[in-house]
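Q: I'm new to this one. Can you walk me through it?

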Amino acid sequence: MSKNLDDCKILDATCGSRTIWFTKDNPNCLYIDKRVEHGTRIWKSTKNDSERRIDVEPDIVADFTQLPFPDKSFYLVVFDPPHLVKIGENAWLKKKYGKLPENWKPLIRDGFKECMRVLKPNGVLIFKWCETDIATREIINVCGEEPLFGHRSGKQAKTYWLCFMKEEER
């Protein structure tokens, strides 16, 4: 890893190919993912065939349910876990976003808890969720905490950006 953990104020716990980032190598952010993947392939679509490239290159390979950082390490955590359950193994969206297991609730709950654990008091967690297969309300219930606010976006308005804040310890 070329980044110094002490210099990183932001953690992207599920960076994938960093599609949400304007600056894909932000010096303040530590990017982690459980996989490294590179590939170019022709994927068939209903309209036409297209060549698509995937590059998943995290700073650290790690599982978001067991983050290798001390408590209270980051001011901001970005959590964009896989959201698809019903997807083919060779589908472009599976390569791009990953796939949830059938028993996904413990994975999301544990990942959310880990993201909150590594947040500093008054730190912010941005949780991105696309409700293609699972409703956002169900995800919030699994996490056990209400977001401060959220915003719906995307072509079909199925993506939610949720904001949580870790309360200051008393």
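Predicted model: local features only at pLDDT ≥ 70, side-chain atom pairs only at ≥ 80, totals over all residues.

A: Residues are numbered from 1 along each chain as its sequence is written, and side-chain values use heavy atoms, with hydrogens and water left out.

Q: How many helices and strands does the protein have?
A: The protein has three helices and nine strands, taken as DSSP runs (helices H or I, at least four residues; strands E, at least two) numbered from the N terminus. Their order from the N terminus is β-β-β-β-β-β-α-α-β-α-β-β.

Q: And how many aromatic pairs?
A: Eight, where rings of Phe, Tyr and Trp (its six-membered ring) pair if their centres lie within 6.5 Å; planes under 30 degrees apart count as stacked, over 60 as edge-to-face and the rest as tilted.

Q: What about F112 and F164, why is that pair edge-to-face?
A: Their ring centres are 5.0 Å apart and the planes stand at 70°, so the pair is edge-to-face. F112 lies in helix α2 (residues 105–117) and F164 in strand β9 (residues 159–165), so the pair ties together parts 52 residues apart in sequence.

Q: Is F112 buried or exposed?
A: F112 is buried, at 2% relative accessibility; buried means under 20% relative accessible area, exposed over 50%, partly exposed in between (1.4 Å probe, protein chains only). F164 is buried too, at 1%.

Q: Which residues do ring pairs link into a cluster?
A: F64, F79, F112, F127, W129 and F164.
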